[in-house]
Amino acid sequence: MEVLLRRKKGSVRWLLLGALLALEMLMSFSFLGYLHVEPISITFAYIPVLLAGALLGPLEGTAVGAVFGLASLWKASAGYVMAADRLFSPFLSGNPLGSLLLSVGSRALFGLLTGLLYAAARRARHPLGWIAAVSFIGRCLHALLVYSVMGAVFPEAGYGPMDALGDLWSFNSLLSNLVTTVLVVLCWRLQQSKTWQQFRFRVEAARSLHETERYHRFSVVIIFLVTLCSAVAVAFYFVHRMDYVLDQQGIELPDAAYGDLLHLQIQFLIGILSLMVLVILFLVCNRRYATYMNYEARIDALTGALTRKTFFQACGRALETFDPGQGAWGYFLMLDLDWFKEINDRHGHPEGDRALREVARLLRTTFGHSGLVGRMGGDEFAVLLYTPISREELEVDLRHFQESVRKLAWGDWRASCSIGVLPIAAAKPVEELYRDADQLLYRAKDQGRDRYVMGAFEPAAAG
């Protein structure tokens with residue numbers, strides 16, 4: 001599991017980034033990002049950018065900031081916006097490049113800078129206080145960057161950096177800064193908690209389980225595409241119906257007004273799709289978590305290997321599609337620790353437990369990437385290598401494993417193990433593989449222990 005988990009590392013980061021991108025879109029196109037209740041008007045749409053920088057890093061903050069800017073660009077492109085807002089639209093401002101720098105460039109830069117500030121805060125002696133400080137100034141930094149770029153690319157508009165400081169100490173500004181700080185700090189503390197670390201490990205590990213059902217990405221893509229097509233159809237239907245109702249009432253909409261209705265309906269569509277993405281990501285995480293918990297319920301509590309019953313069931317499923325390659329075979333291994341009773345009698349059962357845990361860990365590290373590891377009982381383990389490998393490659397792994405076991409020592413006494421190795425040329429009942437490999441294990445013991453004995457290579461019968 002450890003080897004596979006390192007190879008799959010980072011899936012939760014991608015899921016979290018996807019959630020923050022979807023949250024940014026949802027907040028940009030709903031009242032979740034712009035709250036106006038007289039006499040208070042508060043903007044929250046920049047918060048996902050801060051969360052990306054605090055929880056993930058500068059690059060992720062830049063990505064979410066760019067999405068924030070693209071949403072701003074789209075909203076500013078409607079015909080009903082105020083003159084100052086049209087500066088953010090490359091279609092209405094008369095300076096397309098300047099508008100792109102203003103709407104997208106300033107927000108991407110905001111994500112990068114806050115991400116770098118959060119990275120420095122995490123390395124500080126008291127990270128919590130610095131995380132809170134960066135969060136508190138986030139709104140002001142965002143306004144400062146936007147107004148600075150606006151002054152540089154649209155000087156005729158009369159805005160500049162000083163405009164960002166105009167309401168710095170206003171009630172709205174302080175309340176917004178306080179709410180932002182509390183949200184970011186709570187999310188950051190949650191990420192540092194043991195609960196989150198356990199959740200992250202389980203979601204990451206679920207991708208590495210060979211014997212459990214995987215979450216099918218294809219089905220998620222199909223669901224998303226079907227929902228997208230349906231949402232587009234609904235959006236255009238409502239625009240057409242609104243136009244029809246107004247026409248029935250004798251109200252004729254000019255083309256510009258009709259275009260604005262369509263523009264608003266597309267914003268609604270994007271908001272709904274963003275909500276749907278959040279739901280899908282939640283279901284993906286929930287499914288992976290449940291998958292791992294189901295797996296965890298079927299492993300040996302002491303060693304982390306599969307229990308005997310679960311191991312045999314998993315072997316049966318793996319052998320259904322077993323197909324040895326040219327010059328490569330599958331293998332069934334049986335092994336146990338030599339003189340295990342001596343460890344318990346001379347050094348105590350806690351040391352015996354430690355030996356079992358270490359052997360199981362070495363088995364997973366050496367063979368877990370291409371097979372299943374189970375504990376049959378006591379000090380006896382079994383391994384099914386269902387990914388065909390050559391005999392030479394397997395013998396290198398076996399020697400490496402036995403050398404690692406010999407490093408387990410109690411004073412002058414060193415551990416060793418005996419192994420029976422059964423080549424598999426074709427799928428057979430698991431019980432038969434277990435019986436034949438067990439006989440090879442006892443041959444290894446009869447020959448003096450601390451060795452492996454490999455069975456005969458018998459080609460599968462033709463057709």
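Axes are lines fitted to C-alpha atoms, for helices over the stretch in contact, with angles running from 0 to 180 degrees between N-to-C directions. Helices (H or I, at least four residues) are DSSP runs, numbered from the N terminus. The views below come from a predicted model, in which local features need pLDDT of at least 70, side-chain atom pairs count only at pLDDT 80 or more, and totals for chains, interfaces and linings use all residues. Residues are numbered from 1 along each chain as its sequence is written, and side-chain values use heavy atoms, with hydrogens and water left out.

**View A. Helices α3 and α5 cross at roughly 40°.** The axes of α3 (residues 47-55) and α5 (residues 96-123) come within 8 Å. The two helices are therefore oblique to each other; angles under 35 degrees count as roughly parallel, over 145 as roughly antiparallel, 65 to 115 as roughly perpendicular and the rest as oblique. Their crossing is right-handed, a term for a near helix turned clockwise from the far one by less than a right angle. On the α3 side, Val49, Leu50, Gly53 and Ala54 meet Phe110, Gly111, Thr114, Gly115, Tyr118 and Arg122 of α5, where contact means heavy atoms within 4.5 Å. By class, the residues of this contact are five nonpolar, four polar and one charged; Ala, Val, Leu, Ile, Met, Phe, Trp, Tyr, Cys and Pro count as nonpolar, Asp, Glu, Lys and Arg as charged, and the others, Gly among them, as polar.

**View B. Helices α9 and α11 cross at roughly 85°.** Here the axes of α9 (residues 194-206) and α11 (residues 255-296) come within 8 Å, and the helices are therefore roughly perpendicular to each other. From α9, Phe199, Phe201, Arg202, Val203, Ala205 and Ala206 meet Cys285, Arg288, Tyr289, Thr291, Tyr292, Met293 and Glu296 of α11. Nine nonpolar, one polar and three charged residues make up the contact.

**View C. Ser173 is buried in the model.** This residue lies in helix α8 (residues 171-192). Not counting residues up to four places away in sequence, Ser173 touches Arg139, Asp167 and Leu168.

**View D. Aromatic rings form pairs and a cluster.** Rings of Phe, Tyr and Trp (its six-membered ring) pair if their centres lie within 6.5 Å; planes under 30 degrees apart count as stacked, over 60 as edge-to-face and the rest as tilted. By this rule there are nine aromatic pairs. Tyr147 and Tyr159 form a tilted pair, 5.9 Å centre to centre with 35° between the planes. This pair links distant parts of the chain, with Tyr147 in helix α7 (residues 138-153) and Tyr159 twelve residues apart from it in the loop between α7 and α8. Tyr147 is partly exposed at 26% relative accessible area, and Tyr159 is partly exposed at 33%. The rings of Tyr237 and Phe238 have centres 5.7 Å apart and planes at 80°, so this pair is edge-to-face. Tyr237 is partly exposed, at 48%, as is Phe238, at 43%. Ring pairs also link Phe311, Phe312, Phe332 and Tyr434 into a cluster.

**View E. Gln248 is exposed in helix α10.** The helix spans residues 217-248, and the relative accessibility of Gln248 is 52%. The C-alpha atoms of Gln248 and Tyr46 are separated by 42 Å, the two residues being 202 residues apart along the chain.

Conventions
Buried means under 20% relative accessible area, exposed over 50%, partly exposed in between (1.4 Å probe, protein chains only).
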